[in-house]
Structure formats: structure tokens, C-alpha cells
Amino acid sequence: MRPLENELKYLKLLSKQYPSISKASTEIINLEAILNLPKGTEHFITDIHGEYEPFVHVLKNGSGVIKRKIEELFSNTMRENEKKALATLVYYPEQKLDLIIKKEENLEDFYRINIYRLVELCKYASSKYTRSKVRKLLPEDFKYIIEELLHESIDIKHKQCYYQSIVDTIIETDRAKEFIIAISKVIQKLVVDRLHILGDIYDRGPRPDVVIDTLMDYHSVDIQWGNHDILWMGAASGEKTCIANALRISARYANLDIIEDIYGINLLPLATFAMETYKDDPCHCFIPKISDQNVSTKEKSLIAKMHKAISIIQFKLEGEVINRRPEFEMQHRLLLNNINYEENTIKLKGKVYKLKDSNFPTINKNNPYELSKEENEVIEKLVSSFKNSEKLQKHISFLFSKGSIYLTANSNLLIHGCVPLNEDKSFMSMKIQGKEYKGKALMDKMEAISREGYFFKENTTQKQYGMDMMWYLWTGKCSSLFGKDDMTTFERYFIAEKESHKENKNPYFKLREDEKMCEKIFEEFNLDLTDSHIINGHVPVESKNGESPIKANGKILVIDGGFSRAYQNKTGLAGYTLIYNSHSLQLVSHQPFTSAEDAIKKESDILSTTEVVEHKAKRKTVRDTDAGKILEQEVKDLKLLLLAYRKGLIKEK
Ligand SMILES: O=P(O)(O)OC[C@H]1O[C@](O)(COP(=O)(O)O)[C@@H](O)[C@@H]1O
Ligand SMILES: [Mn+2]
């Protein structure tokens, strides 16, 4: 068969890279070899909520994968405590070595034994990758040495001397510490081929910035945005309502100093305004949730005032967005105009409730959504601080570049919250700029618009619309990130009756239990009906009440297990992670983690239980993955090129 004209053009281009039959056929052989290798391990983590310590630990131990490899490799040759020590060395090489160097009497001996063990472990962990892939993961400093050590077999007598001499030289030249650190990091990288973060890096916990810095340093990662992430993305774009919300949550969890110290956002204007405006107000509904005993009563009282000030600013600003975007259909969230400012009550869904707090010194009852002059100044200054925070901008542009609303990866659909559905199982639709969208198309559209909110020029209508969309994604009923009909923030602060706090989850959360519904979703996202899964975070799985994270006969996995300390009493756990290797899909549940310090000093690993969700009858190879599909296409193209060479349609160089 003769290639078509366009095909021939393309093949000529390809021939520049593979100018001869031998070059093209070597590449085919290489690609075929890669296609037959076992699929790399994927690691899924969600809802980190600023809890950097357990997150970093789970990342370092690969959800238990490193421990398992040590177990498999050294089961009969090492004691339990030695295995633990080796694992800790791989997780925290710098810190552990600092401790060891101080107290170890025979350091040389320690180095020799551990370098040997680490090289063996590294060999084992790299066995399913090609040499070229492993080479790419090696640090420049030790690239050559590690490669040599990995590919030498010390059982062969004459090579033993060679191996010994390399190790001796490492120790003699005083490079053992650096070498151990380097090879430990290579092992950490080898056990996870791809990391998926299913959203909610931000809010509630202490250091989301450390989480993002860690991710920026990670060798292979993608992110599915959570509602708390999009909130910060909107805030960094300059959207006032997002800024107010993000600050409100930071005040609620007493994390304001981090905003100042890490992101360099000046909170003085807000603090001064709050102290003046709510001077004699105890702001009792706004006392922050603090577990830290070191925070003084005075500090708490200041945070409560700032918390109230920014909350009122938020409610006013939300009114503005709701009014300028009727297509968001959020008019029912206009609450400030339902307050009876004389009687201190509010009318909601036909019922009158007493307000727990009725001191609103900045609200003009005739125009409750209007910001006071001072409030306006505060928020304008905040907008400028958020936009000019170099570190925040660096973090948020990383979320844009590595992230998306959803991702399909190796036949799995990854979404933080849900696929918005109606009760009748149809996809929920929303009118955007005059056109109806639903299902996959709705998510694609919302993502495209959000990107405009960050990347478009200042003061353009597209940018403003994009920024408003990010706020909608935080709280709107058609948002796949939020997945509820209402966010009852006002009610939670001001009304005692719990019935008013209720937020109804999208029907998806019930319907997803049904396998048929999952199949409909797979179809919508062009995924295979039999082999696919949906992976969600967002809603903590109440495992202590018997809820299972595995739903719809294994088609859905919900892995929000409560990294967030604030939610651990709900779940009874400290988080789930998911591992997808060439043999199986495994769910790992983690017990609370004390601290990195304990993990290093006491070698106390996180206690994790692994459950195999699905065992693959046939081991998955690279050929079965998305990357494999691309490689297969390359092989096909190269075969066509070979044919063209043989027929003389293209000349060899
Ligand atoms: O427990 P908190 O911090 O007060 O937050 C409650 C709010 O958080 C939300 O659950 C959203 O956060 P999540 O994405 O973590 O669920 C809202 O629906 C709710 O109003
Ligand atoms: Mn969430």
C-alpha cells in the first residue's frame, strides 16, 4: 500500500530523526521493549488541606511501597529493627544521617553496610524501568557511579573488587553522606512513576505552601483542582470575593500569620480596621478554631475581630457578584437584604430565625451590599497584596500549569468532587454566556473560562468573567469541585438552628453507588466501560461509621480519609491514598501521624493498612497505558517509514 501524500510529507519529516533503515528499526526495537515493561506505579493523594507533615511522609514512604520492597528484598537477612532503620534512612536521609553521625562509633562500617543495602534496594526498585528512564532520574553528581553500581553484579568474583573500590572511594573522599542522600532520593522517585493530587491542598491546615513547594520539586505530578484550590486561584487572580473567603477561612483556623509571613500579604489594614470597627464587640461567633495552647486570649480576640470584619466584607461582595451574574442563578444566596435590622432576625425559606449576633456597624440597611469606605479601602489593599505576592503567584501558576478540573489517566477519571447530575440521572446543565453546557463539555468550558480569569489582561471583561467563574466553582451548584446546592456560611455563623446549616449534596453522591451510572459517566468521558474507575476526594469517608471508600462494586474510589486534622474525628483515620501498580489497585488507609521528628528519631512509620481493591488478572504493561498508546502509534509510524525506505519513496541518508 502506498502512503498518501500527506503521510509521505510526515514520513519525510520523521526521516530527519531516523535517517536510515537501521536507525528506524533500532528505535522500533527500543519502543517495543518499553511497551512490554510493567506499567509504572501511580500514587493518588487528596484533601491535604495544608497538613504538610503527614503528606510529606506519605510521599516519602510511597504509601508503604518502600517498606514493602525492603521486606521483599531483605526478609530473611535483616532484623525488624534494621529494616525500620533502613526505611527511615530512605525517607529522611539528611536528618537521619545527622543523628547517626553524632552517635555512631564505627561510621565507616555503617556507611559500607548501608550503601550496599541502598544499592540493592535501588536495583530492585529500578528493575521495571529501562536504563534510559533510570538514568534520567539520577542526580548529576553521582550519575555515573550509581549507574555503575546498579549494573554490576557483585556475586561475580572479579567484579566484586571493582564494586568494593567504588564504595571505598566514596567513603575515603568523604562523600558517603551525600551519596546516601542522593541514592535515597532516587529510590523515592523510583517507587512512584506518577503522582496525582486530587485537590484541596489549601485551607484549614498550617502549611499549604510547603505542600506546593514539595510538589514543585516532585518528578512527575498532576493536580485536579479542589474547591479550596480554585478559591486561592481566584484570590491570586485578584477576585475580591475569593480573597475575602480565603482570608475568612484562614482567620477561622487561626492561620493568618502564615499569610503574612509566607506570602508576605500585609494584614495590617484589615487588623486596624477590625480593631476600630469591632472594638467593643466580643465577636463571639467568630472565635477561631485553635488547638494551639500558645495563642493568647488577646490574640484570639484580635483574630475574632478580623474574622468578623472579613466575613461581613465577604457577604457584601458576594451580593455584588450574584447581582452582576444572573446566569449563576444564585439569587437565593442574597441574604443581607432578608435581615430585619430592628428585630435582629432573618427570614430564610419562609422561616424567621433569630440572629446570634446583630452588631453590624458597617451595614447600611437601605443598601446592605454596599461596602463602607473603610471596607472598600481594606479590600482594595488586599487585592493589591494578593496580586503582588511573588510566592503566591509562583504557587498559583504552578496549579494552573499542572492542574485541571478533571483528568483521565490510564482509564481512570480523576475529579475532586463530582460530575454534577440531576435526580433523574441526566447531566446537570448550566447556561454560560447564553449557551447550555453539561457533563464533560460543562467542565471543559468552566476550566477554559477560569484560565482566562488568571491569564487575561487586567480590566477586560473576559478576565472579570473568568474570576467570577472561579468564585462560582468554589460555591455554585453546577460546580464539579463543590457539588452541593448551597454553601451556608452565613447561616453557620449567625443562626443557631442546625436545620438552616444543611447543605444538600448533588444527586451524584447517591447515584454514584450504581454501576450503571458509572458506565454512563465513563461513556461521557470516552473511557472504557469495563476497565475504568472514578476517583474522587472532597467528601470525607466516615469509615468509623462503617462507610466504605470503595463504591459501585469497585468502580468508584473515594479517597478523602481526613488528612485534615479538623476532620479526623469524623473519619477516624488520617487519610487514604491509592496505589495503582502493574498488578493491582490498592487502597491504603493511614492512622494519625505524630510528627516528622518522631518518624526520624523513633523510626515510627505511619501505620497503614493496605487493601487490594482490584487484582489484574494479567500484569499491566506500558502498552496498556496512555503513554503506551502514544508509543504504539510511534511504532506504527516508524514501520511506515521503514516501508517507504524499502520502496524507495524516501531515500536513506
Ligand atoms: O468545617 P468548616 O471549615 O467550617 O467548613 C465548612 C464548609 O466547608 C465545605 O464543606 C467546603 O469544604 P470541603 O471542600 O473541605 O468540604 C462547605 O461546604 C462548608 O460550608
Ligand atoms: Mn473539597
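The dialogue below walks through a sheet and a helix pair in a predicted model.

Biologist: What should I know about numbering and confidence before I start?

Modeller: Residues are numbered from 1 along each chain as its sequence is written, and chains are lettered from A and ligands numbered from 1 in the order in which they are written. Because this is a predicted model, local features need pLDDT of at least 70 and side-chain atom pairs count only at pLDDT 80 or more, while totals for chains, interfaces and linings use all residues.

Biologist: What is the strand order of the open sheet of seven strands?

Modeller: Strands of a sheet pair through backbone hydrogen bonds, either parallel or antiparallel. Here the order is β7-β3-β2-β1-β15-β16-β17, with mixed pairing; strands are DSSP runs (E, at least two residues; helices are H or I, at least four), numbered from the N terminus, and two strands pair if DSSP finds at least two bridges between them. The edges are β7 (403-404) and β17 (608-615), each with a single partner strand, so one side of each is left without a neighbour in the sheet.

Biologist: In which sense do β1 and β15 pair?

Modeller: Strand β1 (residues 42-45) pairs with β15 (residues 576-580) in the antiparallel sense over four bridges, and phenylalanine 44 has leucine 578 of β15 as its bridge partner.

Biologist: At what angle do helices α13 and α14 pack?

Modeller: Axes are lines fitted to C-alpha atoms, for helices over the stretch in contact, and angles run from 0 to 180 degrees between N-to-C directions. For α13 (residues 227-237) and α14 (residues 240-252) the angle is about 125 degrees, with the axes 7 Å apart.
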